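Please keep the sequence and the structure in view while reading.

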Amino acid sequence: FRRGGFLPQDERYSRAKEFLATAHELFDSWSGEEILADRATGAFLRDARAGAFVHQGKHFDIHGRFNVPRSPQGRPVIFQAGDSEEGREFAAAGADAIFSRYSHLEEGRAFYADVKGRLAKYGRRPDQLLILPAATFVLGDTDAEAAELAREVRRQQVSGATALKHLEFVWNRDLSGYDPEGPLPDIDPLVSEEHISRGRAQVRMYRDPVAIAREWRELAEANKWSIRDLVINNGNRQTFVGAPATVARTINEFVQADASDGFILVPHITPGGLDPFADKVVPLLQEQGVFRADYEGTTLREHLGLAHPDAAAPAERAAS
Ligand SMILES: Cc1cc2nc3c(=O)[nH]c(=O)nc-3n(C[C@H](O)[C@H](O)[C@H](O)COP(=O)(O)O)c2cc1C
């Protein structure tokens with residue numbers, strides 16, 4: 001993707017916009033065409049123009065024949081994940097969903113209000129862009145049992161080496177000489193364009209590393225935490241911990257409070273880790289009437305309750 005180097009920061013979303021628009025041109029290049037499958041050969045019989053596209057722009061100059069017919073959902077569901085001002089505008093202009101990192105209640109509500117508030121100027125309704133943060137969960141028969149299990153899981157997830165790596169994202173320095181069971185480094189993070197994690201997602205998670213480091217040091221001192229304790233206790237991601245009824249209630253409270261439209265569940269054990277959620281929490285959400293009782297369609301777009309792209313402009317479709 002880098003094609004020999006990063007684009008300057010301010011051009012990245014301009015390229016992203018053109019990329020998405022170009023992708024849409026391709027996705028739509030078969031629309032309105034009569035597509036018939038030849039029963040004998042299985043080949044597609046189609047109008048000679050189907051799939052023809054020409055795109056000339058600043059970032060892309062391409063033409064040809066797109067060889068993929070439109071899918072039943074019209075276009076693939078577009079997820080956006082980027083948190084800057086431009087990233088949020090990009091999502092508001094054209095994404096179907098945002099994979100957000102604001103999964104706690106208050107920050108979730110602020111993010112939700114901010115992004116949904118940007119939709120009107122693009123002629124879009126709030127329900128046309130879903131906000132779906134990642135969340136984990138730990139279930140137990142009782143809340144106390146779940147809390148105990150959550151502590152155990154977290155300790156196993158964060159080894160000493162993992163804890164040091166986590167700190168390196170903020171400090172932007174090699175911290176392998178530090179004892180993970182000891183106090184936090186008293187040196188400050190290195191603030192530089194060059195980052196130790198070389199372009200991984202975490203780079204932009206911490207906008208002001210020096211302030212974060214100070215905050216973490218204070219937190220660790222106040223609680224007498226080691227480096228590893230801090231990382232264990234300071235998980236960025238929302239975790240719903242409790243008996244199934246507690247987890248179902250809390251998730252619903254988040255959605256009713258406009259902190260999200262739902263969650264992307266990240267089980268701590270894969271792939272089986274989703275089973276207890278499906279077996280124990282989903283029925284409770286269904287009882288509360290906040291989760292579908294059965295599939296209402298066959299595509300991801302339908303499962304997410306998103307409209308078919310053509311449904312947004314019926315008049316236009318009729319005209320064509
Ligand atoms: C919640 C979240 C998840 C992300 N996941 C990924 C990922 O899986 N892979 C990736 O390359 N970048 C990922 N990113 C990075 C973004 O795609 C983007 O490059 C970065 O946030 C910079 O854009 P921004 O300046 O608008 O924040 C993620 C960002 C966020 C906020």
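The model is predicted.

## Aromatic pairs

The count of aromatic pairs comes to seven. One of them joins Phe137 and Phe277, whose ring centres are 4.9 Å apart, with 55° between the planes.

Where in the chain do Phe137 and Phe277 lie? Phe137 belongs to strand β8 (residues 134–139), while Phe277 belongs to helix α9 (residues 275–287). The two are 140 residues apart, and the pair links distant parts of the chain. Phe137 has a relative accessible area of 3%, so it is buried. Phe277 is buried too, with a relative accessible area of 7%; the cut-off for buried is under 20%.

## A second pair and a cluster

Another aromatic pair is made by Phe240 and Phe254. Their ring centres are 5.3 Å apart and the planes stand at 85°, which makes the pair edge-to-face. Phe240 lies in strand β9 (residues 238–242) and Phe254 lies in helix α8 (residues 244–256), so the pair ties together parts that are 14 residues apart in sequence.

Are these two residues buried or exposed? Phe240 counts as buried because its relative accessibility is 3%. Phe254 counts as buried at 9% relative accessibility. Phe240 and Phe254 also belong to a cluster with Phe263, linked by ring pairs.

## A sheet of three strands

Strands of a sheet pair through backbone hydrogen bonds, in either a parallel or an antiparallel sense. Here, three strands form an open sheet in the order β5-β6-β7, and the pairing is parallel. Strands β5 (79–80) and β7 (130–131) are the edge strands, since each of them pairs on one side only.

Strand β6 covers residues 97–98 and pairs with β7 over two bridges in the parallel sense. Which residue of β7 stands opposite Ala97? The residue is Leu130.

## A nonpolar patch on the surface

Phe79, Phe99 and Leu300 form a nonpolar patch on the surface. Together they have about 260 Å² of accessible area.

Leu300 is placed in helix α10 (residues 300–303). Its relative accessibility is 44%, so Leu300 counts as partly exposed.

Conventions:
Residues are numbered from 1 along each chain as its sequence is written. This is a predicted model: local features need pLDDT of at least 70, side-chain atom pairs count only at pLDDT 80 or more; totals for chains, interfaces and linings use all residues. Side-chain values use heavy atoms; hydrogens and water are left out. Rings of Phe, Tyr and Trp (its six-membered ring) pair if their centres lie within 6.5 Å; planes under 30 degrees apart count as stacked, over 60 as edge-to-face and the rest as tilted. Helices (H or I, at least four residues) and strands (E, at least two) are DSSP runs, numbered from the N terminus. Buried means under 20% relative accessible area, exposed over 50%, partly exposed in between (1.4 Å probe, protein chains only). Two strands pair if DSSP finds at least two bridges between them. Patches are made of residues with over 30% relative accessible area and no salt bridge: like charges are joined within 9 Å, nonpolar side chains (Val, Leu, Ile, Met, Phe, Trp, Tyr) within 5 Å. Accessible areas come from the Shrake-Rupley method with a 1.4 Å probe; for residues, only the protein chains shown count as cover. A salt bridge is a side-chain nitrogen of Lys or Arg within 4 Å of a carboxyl oxygen of Asp or Glu.
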